Amino acid sequence: MVKRMLYLKTIMAYANKPLVKILTGIRRCGKSTLLDMVKEQLLNEGVNSNNIIQLNLDSYEYDSIRIGKELYEIIKSKLTKEKCYVFIDEIQEALEWEKCINSLMVDFDVDIYITGSNSKLMSSEISTYLTGRYVSIPVYPLSYSEFIEFKKSNLSYEAGKDYFNEFVQFGGFPAVSMGNYTMSQAYTVVRDIYNSVVFTDIVKRNNIRKVDLFEKMVKYILENVGKTFSANSIIKFLKSEGRTLDIETIYNYISFLQKAYLIYPANRYDVRGKEILKTQEKYYLADSTLKFANLGFTPTALASILENIVFIELKTRGYQVYIGKSGTKEIDFVAEKNGEKIYIQVCRNLPEDSSREIGNLKEIKDNYPKYVLSNDPLDEGNVEGIKIMYLPNFLLKENW
């Protein structure tokens, strides 16, 4: 089991604190394995295995659990007289689960860790029942550095080899990275993940009836990852296909995709006015292979996929990520964390006329770090304080 130390350190910082640890993210991104890592860490620190309670509500073993009250009674029956550590996978499968968790926190000496694949975990009910008693920890598929560690763990790593192209094509779902699959096999695995998210977490949960129409809209979003589009552009696309869908339904569908952690929005940020704009956001995928597995791998899609990889890396490291607007010009990403910013442009390679990649950053007059990230290892240097880096080196750099 390869330890994902970035997450493990974050989770363990809240261990034995009176806070429910909620791990959220797309299915199969590694949340369950992280619970196992936390459990192993607690055992290594001397916690008695009899005081650890673990349930997976996706398992047939607990298929009878329908509401939080039933979940409460099962956990209560397993508690010992000492402090207990409770791990619950896919807790959204139980209605009113938040009441169960709140009651456990109030009634017993417990430390609780839960996972979920739907952002209803962050709903108003949690604010009502768990106010000030939980911490949300988003989990994403493997970063490039984690992908390398997985390669090392299954003995397929070759020192000095550049694995970035493989990472681009095969993505970061742990099940793929551990499997030594061909590309075709890997995309079959990813399509299964995609279908589980779309049909279980979205279609079934939200009672979507026009499934084929919903799928067409999702495919449009996959096709336009990293591009600006609007509900009206989706309507025009569907009209060209001889179908119709109203704007409110489109917004609902996009919301469903976000709640299942299939896509993430990036709002626009006015660099000069220092304000977040509410129009023309872009969307990025939890993992780039979600696009390739459904639409096929095409080198022409590489530019947007490189952006997608950088976006998820920034999110993984805890940044708030925006699309920058500076007058009429665009900055690929403005990322903020702890009051600090970085500005990033992403490109396949640095053209001779690099006015967009470098010129747009030159116009920003503050002293925060500015990067141009290229997929060409020869494109490295420094231009008037703007760092030009080979993208994989940037992803492997511990601190920016």
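Modeller: In this predicted model, Tyr253 and Phe256 sit in helix H12, which covers residues 247-259. The two residues are 3 apart, about one turn of the helix.

Biologist: How is a pair of aromatic rings described?

Modeller: The description uses the distance of the centres and the angle of the planes. For Tyr253 and Phe256, the centres are 6.3 Å apart and the planes stand at 40 degrees, so this pair is tilted.

Biologist: Are Tyr253 and Phe256 buried or exposed?

Modeller: Tyr253 and Phe256 are both buried.

Biologist: What kind of pair do Phe292 and Phe297 make?

Modeller: Their ring centres lie 4.7 Å apart. The planes are at 75 degrees, so the pair is edge-to-face; the cut-off for that label is over 60 degrees.

Biologist: Which label of accessibility does Phe297 get?

Modeller: Phe297 counts as partly exposed, because its relative accessibility is 28% and buried would require under 20%.

Biologist: How many aromatic pairs does the structure hold?

Modeller: There are 23 aromatic pairs in the structure. Rings can also group into a cluster, and one aromatic cluster is formed by Tyr144, Phe147, Phe164 and Phe167.

Biologist: Which residue lies over the face of Tyr113?

Modeller: That residue is Lys21, at 4.7 Å from the ring centre of Tyr113. Another case is Lys152, which lies over the face of Tyr157 at 5.1 Å from the ring centre.

Conventions. Residues numbered from 1 in each chain as written. Predicted model: local features only at pLDDT ≥ 70, side-chain atom pairs only at ≥ 80, totals over all residues. Heavy atoms only, no water. Phe/Tyr/Trp six-rings, centres within 6.5 Å; stacked < 30°, edge-to-face > 60°. Helix = DSSP H or I, 4+ residues; strand = E, 2+ residues; numbered from the N terminus. Buried < 20%, exposed > 50% of the residue type's maximum accessible area, 1.4 Å probe, protein only. Lys NZ or Arg CZ within 6 Å of the ring centre and 35° of its normal.
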